[in-house]
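Q: Please take a close look at one part of this structure. Then set it beside the rest of what can be said.

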Amino acid sequence: MIKRLRENKSFQGTILATPTLIFMVGLLIIPLILTLIISFGSRSADGNVIYGFSLHNYVRMFGFSTDCQNGKSTCFDPLYTQIMWRSLSLAFNTTFLVILLAYPLSYFVARSHPKRRNTFLFMVLVPLWTNFVIRVYAWMMLLRTQGVINGVLGWLAGLFGLHFLPLEMLYTPGAVLVGMVYEFLPFMILPIYTSLEKIENSLYEAAADLGANPFRTFLKVTLPLSMPGVVAGTILVFIPVMGTFIVSDLLGGKQVILVGNLIQRQFLDARDPTFGSAASLILMVMTLIVTYFYTRKFGFGEEIIAV
Amino acid sequence: MNEFAVELQNVVKEFPTPEGGQVLAVNQVSMQIKNGEFFSMLGSSGCGKTTSLRMIAGFEWPTAGEIFIAGNPQGHTPPFKRPVNTVFQSYALFQHMTVFQNVSFGLEMDHVDKVQIKDRVGRSLEMVQLAGMDKRFPKQLSGGQQQRVALARAIVKTPKVLLLDEPLGALDLKLRKEMQLELKALQQRLGITFVYVTHDQEEALTMSDRIAVMSFGKVLQMGTPVEIYERPNCKFVADFIGTSNFLHGIVKSADNGKASVYVQELETEIVGLASGEVKVGEKAAISIRPEKIRLSEQSAFNQNCFEGTVSSTTYIGSDTHVYIDVKGIRLKVWEQNKISSLDPKAYYSVGQKVWLTLFHENALIMADE
């Protein structure tokens, strides 16, 4: 055994991976299988699972309803497809906005003096020291009708003698977008920074030397060389945004329901774990499909992950 | 057309230090580099050679003074508007582009049409013997090949001046020697002015038409390789270029390019050529190249001739390095092994008495700083 451990590299690897493997099988693979089994069942009147094999939960998610008003047995109810579409478009918008905000900042940090870089990175990371939920609550304080932003605006309006109607910002799609962008910004900044920081100064000089002005240097040299960071950041942001429900719950209220909220409600309020399980798996597949096509085109940004 | 491809007039460059002070990297440097010349800036690290090159390229701007390229003052012209191209020490190849894309980059920036780009890139790659490699990525090439891509990328734009910042520094010795000759041949073929930065004196001597020897931000001597080696104008240059023995003494007489120096330890006067300004009564150094000392078994002359004892010898094939002790001063002498022999007596041996003779032109007398 000891001899084998010493000589066999792949056996060493197996030993090292075992604890995590046990953890993953116990807490990811088995629950996933259970979820799959439950999703094929149906809900009893008192909220228990009746096991069986039926696809009605999946069909329901894609809009086929049995709860029809005009006497038909099935009809189309767009509610859940709208929720899926909302989740998907919010994830795209968030990722896009986060890239737009993170890129210039990362560029600024990467091109600043090495001594100052760590300070800037520290400032990017500081919010992560506070609990995720607390940071969302902070946004509630800012966006509320009686909140900080309306307070300041009202005070400014008062200075100019204007009548001020408080803005309704909380419980809107915009509030959810702002909260998402804020929460996930650091996960985009760090990988983009890492890829930008690795670009040697002599490459910028070489581009300039060969006749490229700063704009063309950016397009032809900086941007392509930092793409691995953008790709890695996109994966780190897009996947969690697809699944999260806290931000939309607190900042969107009943106005902005995402797949994540739907799943949560099925388990806790509606007491229909079979539909909740089906929704969970559909969400997973949706995320996988987008990620699959994205990584097939751009890769995983492995150059960054390898750092 | 202007006679000079590049001209530096009293160029000064100061850099701020982290402590808040200023460091003088280039101090009042003036140079005139002629069209079609292979010009080298030679010096050890921190002498200001690379900073000078970077100022010609436009990566740095002079604190004072002016740089002219083809007669035009450059001022704060950015690099992408200057008619020069650079071969970087680190090659600075674009890793995300193929060899072809790397080389065509500069032409694309100038909006050259596609057909012409293909033609010029092809010719340029041929010139550096990389034909057929155009679809590879830099990572798939050896160090020597990457170096050639960097070269092709810089010459494809046929710049007025090509700037080279220690381009051969990362190559192994054999490849470096090959590339030296190739670069020189390429320069003569293209007729482009080359400004070459190196710390390798042999490299500079091999390739250059003229060399500027730099130290602490100043140009000490500018001249042809022969001038620099045979007539160094100061102790630093004599010491930095090749190997020199130094004797120290007081100048007794100096006129008409000749001087004599009394050397205390040898209790004799040595007569030689005055190099630079030499004043009677002041301290002087005598620089003597090891290969230019004549050894003999008997005294041959009564001037510049003294006896010593061989203290050690090193046989290195083409030469034998003989260390000779003369009244406490150790001198190195390189004796060429002109006659093939296996007999140990054919070579100098430790403890042997020998006479050393210095011809006047081989003893260079210069001010001792």
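Is A:Tyr171 buried or exposed, or something in between, and how many C-beta neighbours does A:Tyr171 have inside 10 Å?

A: This is a predicted model, in which local features need pLDDT of at least 70, side-chain atom pairs count only at pLDDT 80 or more, and totals for chains, interfaces and linings use all residues. Residues are numbered from 1 along each chain as its sequence is written, while chains are lettered from A and ligands numbered from 1 in the order in which they are written.

A:Tyr171 counts as partly exposed because it has 19 C-beta neighbours inside 10 Å. The cut-offs are these: buried means 20 or more other C-beta atoms within 10 Å of a residue's own, exposed means 12 or fewer, and partly exposed lies in between, with C-beta atoms placed from the backbone. A:Tyr171 sits in the loop between helix H7 (148-159) and helix H8 (173-197) of chain A. Helices (H or I, at least four residues) and strands (E, at least two) are DSSP runs, numbered from the N terminus. The phi of A:Tyr171 is positive, near 60°, and the residue is not a glycine.

B:Asn10 belongs to strand S1 (residues 4-16) of chain B. B:Asn10 is exposed, with 12 other C-beta atoms within 10 Å.

Now the interface. 15 residues of chain A are in contact with 17 residues of chain B; contact means C-beta atoms, placed from the backbone, within 7 Å. On the chain A side, helix H9 (201-209) and helix H10 (214-243) are the elements that give two or more residues. H9(A) gives the most, with six residues.

Methods
Two residues are in contact if their C-beta atoms, placed from the backbone, lie within 7 Å.
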